[in-house]
Amino acid sequence: MGHQYKAIQWNGNKIVYDLYVAAFVALYFGVFFVVGLQPHPSGNAADPIVHAIRALGETAFALLTVVVSIGPLARLNKRFLPLVYNRRHLGVITFVVASAHFGLALLWYHGGGPLNPLISLFVSNPLYDSIPGFPFETLGFAAFLILLIMAATSHDFWLNNLSAPVWKALHMLVYPAYGLLVMHVVLGALMTEKAAIHPILTGASFVFVAGLHLAAGVREWSADSGMKGLKAKGWVEVCAPDDIAENRAVIAPLPKGERVAVFRYDGKLSAVTNVCRHQNGPLGEGRVVDGCITCPWHGWQYRPNDGVSPPPFTEKIATYTLKIEGGRIFVDPKPNPPGTHVEPTPVPAAR
Amino acid sequence: MRRPLRRFHLLIWLILAPAVLAAGAYALTLRPATPYDAPPVVPE
């Protein structure tokens, strides 16, 4: 949380996680490299350097496919939420592998001539007006620049200074980067391989990822559309207290796209904004742990009664006033200033 | 506070998905007949 910055936030779990990812990278790269080096039926064997470049690129693409799938998977199914916790580490590891692919490719294909390798990358193939002959390396370079910006800002220092909405918008560039990489791989494979299986598999990965994002996006949009016609004034009905499981919340839409999370814990009810201060995660999908609302994305915590993070942390989120009438919970849609104490509402005794 | 960018996220994919699929499919139909790594075997 925001108490202090560390270069890389490692703990026991993250170290184990990173070791698993490193093992996956080594295995994926190794299998791709060894299998690809087998002689072609024509008798031609692949060049080891060229094949290492391809194996690194394929490994980075596989990792990025996982990275961009985690978000919508977690939105669609809570079982995938733990993957969000380590997503930034996975993204940075992806960048490291992509850097190895980029560096080796630049040296191998463009490092031996009189031109600067970066200039050679853009001018060695001038077929910019052709789709099948398009210089696919430039698409990979554009994607690499985006990944570089994202890896460089994958740190809570930047998250805090840019603010969560700006930081999230910046990191949404990963989606265009993924599209660029799909075209980089597809066009590259079409130019250099006889069989179409490689571009088809890459396209299938893209269809899978795009389908996940569209499904998650439509679901979010549907959740908000239920508020059409609701006026900004007046109390908003949420649910009955018994509809909320102990230490969990029910999320209710409010006017102007806001959402409130009503938590039930220790026989009480409290309402806070659904937006975590850290990365705008959905607090209402988290639970109350040790008396604190805990964000499901990265574990940031807030006290339910005032929305303040427990010491030594200082983050604050907006609270909402609620009341119970006729056995139903109602929320005042006007948020209280972040950190405002609201006396928890006791859950009425069962009749 | 709203969770920002929800609609922006959907908009990105509504544009990106058809654009990439169309470009990929078009490229697939125009792929070169003789890719680089399938050269004719030259007897030594």
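Tutor: Let's start with a term: a residue is called buried if 20 or more other C-beta atoms lie within 10 Å of its own. Keep in mind that what you're looking at is a predicted model. By that cut-off, 16% of the 44 residues in chain B are buried. Chain B has one helix and zero strands.

Now for the close look, over in chain A. Find helix α1, residues 12-36, and helix α4, residues 87-110, of chain A. The two pack at an angle of about 35 degrees, and their axes are 11 Å apart. The way α1(A) passes α4(A) is a right-handed crossing. So who does the touching? On the α1(A) side you'll find Lys14(A), Tyr17(A), Asp18(A), Val21(A) and Val25(A). Facing them from α4(A) are His89(A), Leu90(A), Ile93(A) and Val97(A). Sort the residues in this contact by class and you get six nonpolar, one polar and two charged.

While you're in chain A, have a look at the strands as well. Three of them make an open sheet with antiparallel pairing, in the order β1-β10-β9 (chain A). At the edges sit β1 (236-237) and β9 (322-325) of chain A, each pairing on one side only. Zoom in on β1(A): two bridges join it to β10 (residues 328-331) of chain A, and these two strands run antiparallel. There, Val236(A) stands opposite Val331(A) in β10(A).

Technical notes. Residues are numbered from 1 along each chain as its sequence is written. Chains are lettered from A and ligands numbered from 1 in the order in which they are written. This is a predicted model: local features need pLDDT of at least 70, side-chain atom pairs count only at pLDDT 80 or more; totals for chains, interfaces and linings use all residues. Two strands pair if DSSP finds at least two bridges between them. Helices (H or I, at least four residues) and strands (E, at least two) are DSSP runs, numbered from the N terminus. Axes are lines fitted to C-alpha atoms, for helices over the stretch in contact, and angles run from 0 to 180 degrees between N-to-C directions. A crossing is left-handed if the near helix is turned anticlockwise from the far one by less than a right angle, and right-handed if clockwise. Two residues are in contact if their C-beta atoms, placed from the backbone, lie within 7 Å. Ala, Val, Leu, Ile, Met, Phe, Trp, Tyr, Cys and Pro count as nonpolar, Asp, Glu, Lys and Arg as charged, and the others, Gly among them, as polar. A residue is buried if 20 or more other C-beta atoms lie within 10 Å of its own, exposed if 12 or fewer, and partly exposed in between; C-beta atoms are placed from the backbone.
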